[in-house]
Amino acid sequence: MTDETTELGECLSCRKRAGAYACVSCADAVCKPCSEKVSDPLFASLEAIPNEQVEGRFCGRCWDAEMAARLEAFQSTLEAAKQVFVFFTTQKKHIPLIRKSKTPVNVESCPDRDETILRLAYVAAKEEYNAVVDVEVTVKKVRAGGSNKTADWKGTGFPALVDGKKVDLQDSREQIYR
Ligand SMILES: [Zn+2]
Ligand SMILES: [Zn+2]
């Protein structure tokens, strides 16, 4: 049982320091050194981790059970995503297409162009495709309060399998991270 009005007491992991946080998963008291946090904003956004889990802290046991494997999978999918070929709708050259998904991927509310493309590539990599085709990226300028200028980027594309050996690397990759 947890009760927010109750003092957290000692950290239930080390039983040495005061438990400064309640684990976001099991609510056990945990001190800062014993806790784990979602520290990579890309992990949070690409895996759509709920806000309270991003802002809170996990005890070691819950982290190991719920997040550690997920973080590892994220890191390897991210590496694969960086190798994904991206073909924009404006691409005129032949694409050595083997197979194309019938379901388009849509991403929105992205902070910039690179992350929009990376998010499309990430979904493709996760589904074990090596390309995204018919990619379109658009931006809607949003005027935010204060001095922060934010932009709302959107992207769409179809995960696809292409013959990587036949892709002209320069053509397909140079457009991604310019
Ligand atoms: Zn501790
Ligand atoms: Zn926990």
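**Exercise 1. In which loop is Pro96 found?**

Solution. Pro96 is found in the loop between strand E3 (85-88) and strand E4 (97-100). Helices (H or I, at least four residues) and strands (E, at least two) are DSSP runs, numbered from the N terminus. This is a predicted model, in which local features need pLDDT of at least 70, side-chain atom pairs count only at pLDDT 80 or more, and totals for chains, interfaces and linings use all residues. Residues are numbered from 1 along each chain as its sequence is written, while chains are lettered from A and ligands numbered from 1 in the order in which they are written.

**Exercise 2. Classify the exposure of Pro96 and list its contacts.**

Solution. Step 1: a residue is buried if 20 or more other C-beta atoms, placed from the backbone, lie within 10 Å of its own, exposed if 12 or fewer, and partly exposed in between. Pro96 is partly exposed because it has 15 C-beta neighbours inside 10 Å.

Step 1: two residues are in contact if their C-beta atoms, placed from the backbone, lie within 7 Å. Neighbours within four places in sequence set aside, Pro96 is in contact with Val162, Asp163, Lys166 and Val167.

**Exercise 3. Describe helix H3 and its buried residues.**

Solution. Step 1: helix H3 (residues 60-81) bends by about 45° at Met67, the bend being the angle between axes fitted to the seven residues ending there and the seven starting there.

Step 1: Met67 is buried, as are Cys62, Trp63, Phe74, Thr77 and Ala81 of H3. Their cover includes helix H1 (41-46) and helix H4 (113-126).
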